[in-house]
Amino acid sequence: MSGFAGKKVAITGAARGIGRELALAYAARGAHLALADLDAEGLTQASEWIASQAGAQQPLIRELDLRSPDDIVGWFKELDRTWGRLDVLINNAGLGIWKSPLELSVDEWDWVVNTNLRGAFLCSREAARLMQDGGGAIVNIASTRALMSEPGSEAYAASKGGLLALTHAMALSLGASGIRVNAISPGWIETGDYSKLRPEDHAQHPAGRVGRPADLVRACLYLTDAENDFVTGENLVVDGGMTRKMMYAE
């Protein structure tokens, strides 16, 4: 896919896992990358690895705390000075705390929601300023936990559910500027040793297997390809069919 050659792509949470795989995929297709993460050391290592694997130029990197509005604004001002515009933003960074809502503190709630939801809003707002003259694409990495839950997931579920609402709201607000906003809700995407998964892990998925980062990469490439400009405000669930499977206790 050559449609990304020379495109300016920003990705949060790019030091490892899905974010790193997304960055490699865009670099391999000729995009110029700006990568952000709170883990500065991991981000440096990821940047060097991506450049060596893709044979591309070294990505721009920035240690970024998504809880800090000033940090976010500063990152996009730097991109404005360096590039002058942005074509793609992927709001990938996120975290969760799993504990009883009876024990969850306000500080813990704010840590999750401000990182996952407010951070994504502020990144999208600043990215839109750099896209408004030529259009662009924003993708929010949400979760199937925006649609279904496990006990003790209140802060995470609320933040990811908020991302879905933010997605369709911003799609309407930014559409006149040619900016498309979509979300991807992953299910179980294994970022560790895939070979260690059990047969029953795969069997519980209607698709017959647990997801891989490559599954999200393909979805993201589709949603950010300029040729797919008729797709906006959508949530693409990539979960092997798990949210369509009825569960009953044995």
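A search of the whole structure, a predicted model, finds 1 cavity of 30 Å³ or more. A cavity is a set of points on a 1 Å grid over the protein atoms alone where a 1.4 Å probe fits but cannot get out. The largest cavity has a volume of about 40 Å³, while the largest pocket has about 1200 Å³. Local features in this predicted model need pLDDT of at least 70, side-chain atom pairs count only at pLDDT 80 or more, and totals for chains, interfaces and linings use all residues. Residues are numbered from 1 along each chain as its sequence is written, and side-chain values use heavy atoms, with hydrogens and water left out.

**Cavity**

- The residues that line the largest cavity are T12, L66, N91, A93, T115, N116, G119, A120, I141, K160 and L163; a lining residue has an atom within 4 Å of a point.
- Volumes are the space filled by probe spheres set on the grid points, which are joined across faces, edges and corners.
- Helices α4 and α5 each give at least two residues to this lining, and the largest share, 4 residues, comes from α4.
- By class, the lining of the largest cavity has 5 nonpolar, 5 polar and 1 charged (Ala, Val, Leu, Ile, Met, Phe, Trp, Tyr, Cys and Pro count as nonpolar, Asp, Glu, Lys and Arg as charged, and the others, Gly among them, as polar).

**Pockets**

- A pocket is an open set of grid points with protein on both sides within 12 Å along at least five of seven lines.
- The largest pocket is lined by 43 residues, and G94, L95, W98, Y156 and K160 lie nearest its centre.
- Two or more residues of that lining come from each of α1, β2 (32-37), α4 (106-131) and α5 (154-174).
- Helix α1 supplies the largest share of the lining of the largest pocket, 3 residues.
- The lining of the largest pocket consists of 19 nonpolar, 16 polar and 8 charged residues.
- The second largest pocket holds about 150 Å³ of space and is lined by 14 residues, of which K7, D87, G136, T224 and A226 lie nearest its centre.
- In the second largest pocket, the lining divides into 4 nonpolar, 6 polar and 4 charged residues.

**Aromatic rings and charges**

- There are 3 aromatic pairs in the structure (rings of Phe, Tyr and Trp, the last by its six-membered ring, with centres within 6.5 Å; planes under 30 degrees apart are stacked, over 60 edge-to-face and the rest tilted).
- One of them joins F4 and Y26 edge-to-face, at 5.1 Å centre to centre and 85° between the planes.
- This pair links distant parts of the chain, 22 residues apart: F4 is in the segment before β1 (8-12), and Y26 is in helix α1 (residues 17-28).
- Both F4 and Y26 are buried (under 20% relative accessible area with a 1.4 Å probe and protein chains only; exposed is over 50%, partly exposed in between).
- R20 lies over the face of W49, 4.1 Å from the ring centre, and R212 lies over the face of Y194 at 4.2 Å (NZ of Lys or CZ of Arg within 6 Å of the ring centre and within 35 degrees of the ring normal).

**Overall fold**

- The chain has 7 helices and 7 strands (DSSP runs numbered from the N terminus: helices H or I of at least four residues, strands E of at least two).
- Along the sequence, these elements follow the pattern β-α-β-α-β-α-β-α-β-α-β-α-α-β.
- The radius of gyration of the chain is 18 Å, which agrees with the value near 18 Å for a compact globule of 250 residues (taken over C-alpha atoms; the globule rule is 2.2 Å times the number of residues to the power 0.38).
- Taken along the principal axes, the C-alpha atoms fill a box of roughly 60 × 40 × 40 Å.
- Of the 250 residues, 48% count as buried.
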